[in-house]
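Have a look at it first, and then we can go through it point by point.

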Amino acid sequence: MKALILAGGEGTRLRPLTLNTPKPIVPVVTIPFLRYQIELLRQHGISEIILSLSYQPQRIEEVLGDGANFGVRLRYVVEPVPLGTAGAFKNSEPLLDTAIVVFNGDILCELNLTEVIRRHRERRAVATLVLTRVANPSAYGLVETGNDGRIDRFLEKPAAHEITCDTINAGTYILEPEVLDWIPPCENHSFERGLFPTLLKNGRPMYAFISDGYWIDIGTPQKYLQVHADILRRRFSPALSLPTGATNTSDSVVDPSTTIREGSQVIASAVGSGSVIGKNVVIENSVVWSRVTIGDSARLSGCIVGNQCDIGSHASLSRGIVLGDGSMVTSYSRLLTD
């Protein structure tokens, strides 16, 4: 079986971080995000992986290469224009000659993929959708299922009185090649609002696999910080082995090429390569990318700092601050959010 990762989005909700770094390769605990999905697939025996790209495809290919370093084979398909989720799947049709695992390229999850595939085959499904449970279903599209796991109905962003379940589309699917026949070529088309309702209306066998494992969409700064906290605090253990942290940190990962001067503390944070952290700095619950300079006695709490930023001495950055690449914060500045 092959896999297709839909990684063509522009990551607008993560701007300014994604202006120079496409969302599929933003660092999560210093590792490009797609590496986590690639490793999950590899551990479940899937070594041929297709990446469907649109935004800055060259940058993604530069970082991931042909996949040999990760024990897989990566192939790339670039959309001529944004085609939506199902449209991107259709655009990859020449490479889709078997049943295929499809991942949305902004989801990090804990999933027994081998079991999902087994049940898909056992049920002779045309499509199997992985679902996850959420506390507030009104913010999502719900997926109703019968006792046998067959999908009965899709309900987009229901009002409170319409909520009948707490299961939503988790952005992972097993699809048979025949579903390609239901997708118009060269058009923007959606899995959620186009293909899946069409398959259901036409009586094609669609089933759900409800996963109770960890699941998160990293597409906003808040969720991006949350996934770091969950990994660093060991609330979630991803398939990929993480780098080891520096000796003077607590629940953190700091690239070994980064310099941390005396008296500084890095708490529940991730710091990328080539950075210089001055004396008596406190970095907590934050993500600092690469080649960042932080002056003496600065304090960062709940922040995201892009590449090659310069933060002056005694500066203070509060929760919710996001600095794009190359930003400069002068000494003694106070950056606050509402």
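1. Two strands pair if DSSP finds at least two bridges between them. Please keep in mind that this is a predicted model. Strand β8 (residues 127–133) meets that rule with strand β11 (residues 167–175), in the antiparallel sense and over six bridges. To see one of the contacts, find Leu129, whose bridge partner in β11 is Tyr173.

2. β8 also pairs with strand β12 (residues 206–211), this time in the parallel sense and over six bridges. Here you can look at Thr132, whose bridge partner in β12 is Ser211. As for how covered β8 is, six of its seven residues are buried.

3. Next, the second largest pocket, which has a volume of about 320 Å³. It is lined by 21 residues, and those closest to its centre are Pro27, Thr30, Ser273, Ser290 and Asn307. At least two lining residues come from each of β3 (31–32), α2 (57–64), β18 (270–271) and β21 (287–288).

4. Finally, how many disulfides does the model have? The count is zero, taking a disulfide as a pair of cysteine sulfur atoms within 2.5 Å. For Cys109, the nearest cysteine sulfur belongs to Cys165 and is 19 Å away, so Cys109 is in no disulfide. Cys165 is in no disulfide either, with the sulfur of Cys109 as its nearest, 19 Å away.

Definitions and conventions: Residues are numbered from 1 along each chain as its sequence is written. This is a predicted model: local features need pLDDT of at least 70, side-chain atom pairs count only at pLDDT 80 or more; totals for chains, interfaces and linings use all residues. Side-chain values use heavy atoms; hydrogens and water are left out. On a 1 Å grid over the protein atoms alone, a cavity is a set of points where a 1.4 Å probe fits but cannot get out, and a pocket is an open set with protein on both sides within 12 Å along at least five of seven lines; lining residues have an atom within 4 Å of a point. Grid points are joined across faces, edges and corners, and a volume is the space filled by probe spheres set on the points. Helices (H or I, at least four residues) and strands (E, at least two) are DSSP runs, numbered from the N terminus. Buried means under 20% relative accessible area, exposed over 50%, partly exposed in between (1.4 Å probe, protein chains only).
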